[in-house]
Amino acid sequence: MKQGNWLQSKKLSIGEGTPLAGGPFRVWSPLARLDWLPIVLAMGMVWRRRWWRFLIGGLNRPLIFLVIFAWNLGDKTATATGSYLGFLVPGLVVMAAVSASYADLVNWFTLRRTFYRVLDEYLLAPISNRSLLTGHMLGAGIKGFLTSLVVFLTASLLVKGFQFSILCFIQLLIICLTFACLAVAVAMVAGGDKDTLMFTNLIVFPMTFFCGTFFPVEQLPGPLECLSWGLPLTAATCNLRALVLTGTGKPGWFFQSLGWLAGLYLVAYFLLRWRLED
């Protein structure tokens, strides 16, 4: 086959104008806008086969905290607005969301980039860098969202009076997507699994404690309180707690968490593009 005919058949097989990752062509086909969907479905199939492992790994820490505090501080008449358990449960839900959305994805990308060295094979796929990032972000974010919902449902058996609304679920999904983007960004600059573990232990894990999970941020000393409000989890945690306890949140907190999602998405996108073109 001549080179020109082979090139023409290659274009027809992947769709005229469909780009390789980082390629110069534009996507014209309407179906090409959903080229991130196979990545989400593939991650869903892996999660379906090993759902019990991911579920236990994402639920063990929040449920242990919940059971311990329920045994020692809870009572049969505990309500969402009149007990410490009601304050604690949204923070534990956020902890589950962060753990399930961040941990697996950062390890997945880091191992394939540093150990298996197959990240450059994404260049052969007929999808853009944006779709590559979006697919993995949505796959990990949905998994974290479902895991955190299980924590919420379990906590509802011990504490009554939570107010669930569509804004509550949107805020929870934003948290999951934000830390999925953070996972991709960290994996692009980490030198190995030890670097990701160090970042998790020094940044991500303490963030789940100093962002209003177990106690109000206002009770922190002055410098720590200012630092806490500068982290991507504080406003989202406070807004989620306000939504499930009172039914109303603060637009400022919501847009701040949405801004963190957009900012970390851009950081992850440019780091992924830099790593693929390196």
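These legends describe close-up views of a predicted model.

**View 1. T213 sits in a loop between two helices.**
The helices on either side of this loop are helix 7 (193-207) and helix 8 (222-229). T213 is buried, with a relative accessible area of 1%. That value counts as buried because it falls under 20%.

**View 2. Residues around T213 include F87 and R241.**
Leaving out residues up to four places away in sequence, T213 touches F87, L88, G91, L92, M95, T208 and R241. The C-alpha atoms of T213 and V89 are 8.4 Å apart. Along the chain, T213 and V89 are separated by 124 residues.

**View 3. The side chain of T213 meets the backbone of T208.**
A polar atom of the T213 side chain lies 2.2 Å from the backbone oxygen of T208. T208 is also among the residues that T213 touches.

**View 4. K143 and D104 form a salt bridge.**
The closest N and O atoms of K143 and D104 are 2.8 Å apart. How many salt bridges does a search of the whole structure find? The search finds one.

The classes follow from the cut-offs: buried is under 20%, exposed is over 50%, and partly exposed is in between.

**View 5. L34, L37 and L41 form a nonpolar patch on the surface.**
Together, L34, L37 and L41 have about 260 Å² of accessible area. L34 lies in the loop between helix 1 (3-14) and helix 2 (37-49). L34 counts as partly exposed, with 43% relative accessibility.

**View 6. C168 and C176 are buried cysteines.**
C168 has a relative accessible area of 0%. C176 also has a relative accessible area of 0%. A disulfide is a covalent bond between the sulfur atoms of two cysteines. How many disulfides does the model have, with sulfur atoms within 2.5 Å as the rule? The count comes to zero.

Methods:
Residues numbered from 1 in each chain as written. Predicted model: local features only at pLDDT ≥ 70, side-chain atom pairs only at ≥ 80, totals over all residues. Heavy atoms only, no water. Helix = DSSP H or I, 4+ residues; strand = E, 2+ residues; numbered from the N terminus. Buried < 20%, exposed > 50% of the residue type's maximum accessible area, 1.4 Å probe, protein only. Contact = heavy atoms within 4.5 Å. Polar contact = N/O pair within 3.5 Å; in protein donor to acceptor, adjacent residues only side chain to side chain. Disulfide = S-S within 2.5 Å. Patch = residues over 30% accessible without salt bridge, like charges linked within 9 Å, V, L, I, M, F, W, Y side chains within 5 Å. Areas by Shrake-Rupley, 256 points an atom, 1.4 Å probe, with all protein chains shown as cover. Salt bridge = Lys/Arg side-chain N within 4 Å of Asp/Glu carboxyl O.
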